Amino acid sequence: MKYLFGPVPSRRLGHSLGIDLIPFKTCTYDCIYCELGRTTHLKDKPAAYMSAKEIKAELDTFFANHHPPVDFITLGGSGEPTLNANLAQIVEIVKNLNKAPLAVLTNGSLLWREEIVNALLKADVVLPSLDTVFIKTWKKINRPHPLLKLETIINGLKGFRRKYKGQIWLEILFVRGVNDTEVEIEALHRVLEEISPEKIQLNTVVRPPAERGVEPLTKKDLEEIKEKLGPKAEIVVDFKRPIEERAELLNLREEIIALLSRRPCVLEDIVHALGAHINTVIKMMDGLQKENLVDAYLHNGKRYYLIRKGER
Ligand code: SF4
């Protein structure tokens, strides 16, 4: 599978079958806390990326075979899914399949664009983010594409609420010392009352962020914010999960090193041999090259990885 991943256990969505609609790190934002690293393709408008036909073929294969339970089919992945200009067709395909409710994970920055609003009206749950209502903080935490405007985005979220009949679960990710002050939270609260999501989901930095020095809030800090934001607010951070994930990643790292000690491999070989998600492998290869443990070279137009001589 190139575009489908999971089902992965998700605290917010149960067993979530993910669909990655855009090339790795294609986003309207370059958040300082992004667990996928720096944004390499900063965009402000949709383009034709993965086609609806390709995604339909993978969904058909997945559901034609015996598969684990799926609570949600989720548009998300390694960037901003609403940047895919085929979004409306993809939504249509998932809804026509009628296998599980459709959730859309979005940073909410394009919910003022009519074609995106119309496409998402058919989703069962839309999970946008809004980390701040102040331009200075927004530029600091989300590092948006220069052509985007926070006011347009907030008005877009309000407009979407008026049109959309499904559930909106709005996420706020808090970074210590950036968007966690009294002033920030009070101003966000006022705007959230107007957007009126069904749930306000509080998160913080638990996985390794894109930038150094980006610190999480404690559970106690989040509990205090939850009180301030009222009964719709809930904490969705799994403080234990990153420790388990770190152990899994350490195993994966050792397995990649062992595999590349035996023979050079392209990315797809590693993904298939170890059954890992392509985004995780891309990140790991990047890290291993920075540590000078792995070299890459081009052969017949393909990028091969191998262990650097003398390392094993
Ligand atoms: S919006 Fe999401 S994918 Fe884009 S940079 Fe921020 S955290 Fe990463």
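The axes of helices α6 and α7 come within 10 Å and cross at roughly 40°, where axes are lines fitted to C-alpha atoms, for helices over the stretch in contact, and angles run from 0 to 180 degrees between N-to-C directions. This angle makes α6 oblique to α7; angles under 35 degrees count as roughly parallel, over 145 as roughly antiparallel, 65 to 115 as roughly perpendicular and the rest as oblique. On the α6 side, Glu182, Ile185, His189 and Leu192 meet Ile225, Lys228 and Leu229 of α7, contact being defined as heavy atoms within 4.5 Å. Helices (H or I, at least four residues) and strands (E, at least two) are DSSP runs, numbered from the N terminus.

The model is predicted, so local features need pLDDT of at least 70 and side-chain atom pairs count only at pLDDT 80 or more, whereas totals for chains, interfaces and linings use all residues. Residues are numbered from 1 along each chain as its sequence is written, and side-chain values use heavy atoms, with hydrogens and water left out.

An open sheet is formed by eight strands in the order β1-β2-β5-β6-β7-β8-β9-β10, with mixed pairing; two strands pair if DSSP finds at least two bridges between them. Strands β1 (4-10) and β10 (233-235) stand at the edges with a single partner strand each, so one side of each is left without a neighbour in the sheet. From one strand to the next, the twist averages 25°. Strands of a sheet pair through backbone hydrogen bonds, either parallel or antiparallel. The parallel sense applies to strand β9 (residues 199-204) and β10, which pair over three bridges. Within this pairing, Leu202 has Ile235 of β10 as its bridge partner.

Strands β11 and β12 (residues 302-307) run antiparallel and are joined by six bridges. In this pairing, His299 stands opposite Lys302 of β12. The hairpin of β11 and β12 has two residues between the strands, and Asn300 takes a positive phi near 50° there.

Positive phi values also occur in two loop residues. Lys25 has a phi near 55°, a positive value in a residue other than glycine, and is found in the loop between β2 (14-20) and β3 (26-27). Lys25 is buried, with a relative accessible area of 3%; buried means under 20% relative accessible area, exposed over 50%, and partly exposed in between (1.4 Å probe, protein chains only). For Ser196, which is likewise a residue other than glycine, phi is positive and near 55°. Ser196 is placed in the loop between α6 and β9 and is partly exposed at a relative accessible area of 28%.

The structure holds 17 salt bridges, each defined as a side-chain nitrogen of Lys or Arg within 4 Å of a carboxyl oxygen of Asp or Glu. One of these links the side chains of Arg176 and Asp221, at 2.5 Å from N to O. Arg176 lies in the loop between β8 (167-174) and α6 (182-195) and Asp221 in helix α7 (residues 219-229), so the pair ties together parts that are 45 residues apart in sequence. Arg176 is partly exposed, with a relative accessible area of 38%, and Asp221 is partly exposed at 22%.

Another salt bridge joins Arg253 to Glu291, with the closest N and O atoms 2.8 Å apart. Here Arg253 belongs to helix α8 (residues 241-262) and Glu291 to the loop between α10 (278-290) and β11 (294-299), so the pair ties together parts that are 38 residues apart in sequence. Arg253 is partly exposed, with a relative accessible area of 22%, and Glu291 is partly exposed at 44%. Salt bridges that share partners also join Asp30, Arg38, Arg143 and Glu211 into one network. In a further salt bridge, the closest N and O atoms of Arg113 and Glu115 are 3.0 Å apart. Glu115 counts as partly exposed, at 41% relative accessibility.
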